[in-house]
Amino acid sequence: MFIDFAKAFDSVSIPKLFSKLVSVGVSGMLLSCIKSMLTDRSQRVRVRETLSVSRPVRSGVPQGSVIGPILFLLFINDIIFSLPPAARSKLFADDIKSYMILSGDLCTTNFSLLLDSIVNWSAKWQLPLSVNKCGWMLISNRIYDRELKFNLAGHPLTKLTEVKDLGVLYTSDLSFTPHILSIVSKAKQRSFLIRKSFTSSCCTALILAFKTYVLPLLDYCSPIWSPYQVLDILKIESVQRTFTRLLSCCKDLSYKDRLVVCGLITLERRRLIADLILFYKIVNRLIETDLVNSLILTPNISTRGHSFKVAFKGARINSRLYFFSLRTAKIWNTLPAAVVCSQSVDSFRKGIQSIDFNTFLIL
């Protein structure tokens, strides 16, 4: 379920925000300073030299400031405590993702209770919901014999089959093909604009522009959506293939030779390296994620390998088989002990650069 609040930053109740600040321990001069900043404010509109009548600002936290988003997060953060215990929630700014397992005869009832809890919290703290921007998605490979319908604040809640969450597009069957098609299209457009905008044909400048403006599109959140189907892998790689083929320094060269000349690696290898770096951070608890508790280290009883090998189980469906933790654990367990035991992310990154991963790569 995806929840969005209407004009969230502008709708925060100032008195109720103060009460929440007190409840989390904000007091004294700090509380006085925040109150001074948020009370007795006014605003007016200017069009050229004409000013409107000044109006008092009765709600909201100032946007464009450092403290504004912090205050909003403190205001909304306790919503998770009002939800049913079976629900898990993720908050990012004014967006909430809440999910639960639907099983048994009470599945729809439990989900309806989750919706009611959000509506009650919204009414209590005077933060209105943007119902038109809210929706729910059923992630399952089963075919239900009945149509599920839910209401939010008396309005039908839209059922989603495709959603864009923090810049990543995916479907209800956990397919990232729409996202791949989207980023490939944007990357090709940007590659074309680079060649059209640069009057110089200097390969060094064009390659630098490609690394700066195109590769970030193809690398963003790749551990989430990294493809396993050959067609999707080739679609992504075609962006770099086409760009390097048109460079004056790469004429009549194979793709492999063009990568050497340009100082690039295949996009598939870039994604694999990104997977391993994230896995290293998770194993060493350098980042907070739910996957930390799901990775089980197995004691190394043989003389080969390293002491940070991760146990993994087989998978019945592809969405699980090619999920980040499972696909990366297989590669992680084959790494040399000297690399796995690196003291920092930078040293780990340098250590895996020279490893031959051809066994795990399609290209």
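Biologist: Which residues make the nonpolar surface patch of about 370 Å²?

Modeller: In this predicted model, the patch is made by Val24, Val66, Ile70 and Leu74.

Biologist: Take Ile70 from that group. Where does isoleucine 70 lie?

Modeller: Isoleucine 70 belongs to helix H4, which covers residues 67-76.

Biologist: And why is isoleucine 70 classed as partly exposed?

Modeller: Its relative accessible area is 44%. Partly exposed applies between the 20% limit for buried and the 50% limit for exposed, so isoleucine 70 falls into that class.

Biologist: Changing topic to pockets: how much space lies in the second largest pocket?

Modeller: The second largest pocket holds about 420 Å³ of space.

Biologist: Which lining residues are the closest to its centre?

Modeller: The lining has 17 residues, and the closest to the centre of the pocket are Pro227, Tyr322, Arg327, Ile331 and Phe360.

Biologist: Which elements give two or more residues to that lining?

Modeller: Two or more residues come from helix H12 (267-283) and likewise from helix H14 (324-332).

Biologist: What does the lining look like by class?

Modeller: There are 10 nonpolar, 2 polar and 5 charged residues in the lining of the second largest pocket.

Biologist: Now the chain as a whole. How many helices and strands does it have?

Modeller: The chain has 16 helices and 15 strands. Its C-alpha atoms fill a box of roughly 70 × 65 × 50 Å along the principal axes.

Biologist: What percentage of the residues in the chain is buried?

Modeller: Of the 363 residues in the chain, 39% are buried.

Conventions
Residues are numbered from 1 along each chain as its sequence is written. This is a predicted model: local features need pLDDT of at least 70, side-chain atom pairs count only at pLDDT 80 or more; totals for chains, interfaces and linings use all residues. Side-chain values use heavy atoms; hydrogens and water are left out. Patches are made of residues with over 30% relative accessible area and no salt bridge: like charges are joined within 9 Å, nonpolar side chains (Val, Leu, Ile, Met, Phe, Trp, Tyr) within 5 Å. Accessible areas come from the Shrake-Rupley method with a 1.4 Å probe; for residues, only the protein chains shown count as cover. A salt bridge is a side-chain nitrogen of Lys or Arg within 4 Å of a carboxyl oxygen of Asp or Glu. Helices (H or I, at least four residues) and strands (E, at least two) are DSSP runs, numbered from the N terminus. Buried means under 20% relative accessible area, exposed over 50%, partly exposed in between (1.4 Å probe, protein chains only). On a 1 Å grid over the protein atoms alone, a cavity is a set of points where a 1.4 Å probe fits but cannot get out, and a pocket is an open set with protein on both sides within 12 Å along at least five of seven lines; lining residues have an atom within 4 Å of a point. Grid points are joined across faces, edges and corners, and a volume is the space filled by probe spheres set on the points. Ala, Val, Leu, Ile, Met, Phe, Trp, Tyr, Cys and Pro count as nonpolar, Asp, Glu, Lys and Arg as charged, and the others, Gly among them, as polar.
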